[in-house]
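User: Hi there! Could you walk me through this fold, a few questions at a time?

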Amino acid sequence: MANEKNLISAEGLAKLEERLQYLKTVKRAEVADHIETARSFGDLSENAEYDEAKNEQAFMEGEIAEIEAQLRNAVVVEDDGGTDRIRLGLTVTVWDEDEDEEMVLTLVGSAEADAMHDRISIESPVGQALMGHKEGDHVSVEVPGGVIRLVVRAIQK
């Protein structure tokens, strides 16, 4: 993700900035306390608590670096107010013709994607295929398991 643009909604940008602030202030202080407490247990060469605290610190610092990189490359996609065509930030209701089921998906930037909460990246196969379509459109999407056929039922904020 070196110099790739990171398309993101204003809401997603705010969440990333909030997470970064939490990590740099609250979490760093907590981890520093864990390290200090573990040091007080004595010999660091055989101190599992110290090793665990240092690993926690490394993981946290990695997350901070990742968020900072995402923010450096963030391009906020402005809300133009319309819901006539599918675009970043909108929620779309689609009918999966093959599975005979309805899905409600929100299209987001890759940093905001969360499949467990039906937030799909506009860079995913389904996200790419849906972009620009309008209500009533039939969309075929090639996914690893084959081709799925979707009908766009509704587009909303």
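This is a predicted model: local features need pLDDT of at least 70, side-chain atom pairs count only at pLDDT 80 or more; totals for chains, interfaces and linings use all residues.

User: What pattern does the protein chain follow along the sequence?

Analyst: Let's start with the elements themselves: the protein chain has three helices and seven strands. Placed in sequence order, these elements give the pattern β-α-α-β-β-β-β-α-β-β.

User: What radius of gyration does the protein chain have, next to that of a compact globule of 157 residues?

Analyst: The C-alpha atoms fill a box of roughly 70 × 35 × 25 Å along the principal axes. A compact globule of 157 residues would come to a radius of gyration near 15 Å, whereas the protein chain has 21 Å.

User: How many positive and negative side chains are there, and how far apart do the centres of the two sets lie?

Analyst: For this count, Lys and Arg are taken as positive and Asp and Glu as negative. On that basis there are 16 positive and 35 negative side chains, and the centres of the two sets lie 6 Å apart.

User: Why is strand β3 largely enclosed by the rest of the structure?

Analyst: Buried here means under 20% relative accessible area. Across the protein chain, buried residues make up 32% of the 157 residues. Strand β3 spans residues 91-96, and it is largely enclosed because the buried residues number five of the six.

User: Which strands do bridges join to β3?

Analyst: One partner is β4, residues 101-108, which runs antiparallel to β3 with six bridges; in this pairing T93 stands opposite V104. Another is β7, residues 146-156, also antiparallel and joined to β3 by six bridges.

User: Which residue in the turn between β3 and β4 has a positive phi?

Analyst: β3 and β4 form a hairpin, with four residues between them. In that turn, a positive phi of about 55° belongs to D100.

User: How far apart in space are L150 and D118?

Analyst: In sequence, L150 and D118 are 32 residues apart. In space, C-alpha to C-alpha, the separation between L150 and D118 is 15 Å.

Terms used. Residues are numbered from 1 along each chain as its sequence is written. Side-chain values use heavy atoms; hydrogens and water are left out. Buried means under 20% relative accessible area, exposed over 50%, partly exposed in between (1.4 Å probe, protein chains only). Helices (H or I, at least four residues) and strands (E, at least two) are DSSP runs, numbered from the N terminus. Two strands pair if DSSP finds at least two bridges between them. The radius of gyration is taken over C-alpha atoms; the globule rule is 2.2 Å times the number of residues to the power 0.38. The place of a charge is taken as NZ of Lys, CZ of Arg, CG of Asp or CD of Glu.
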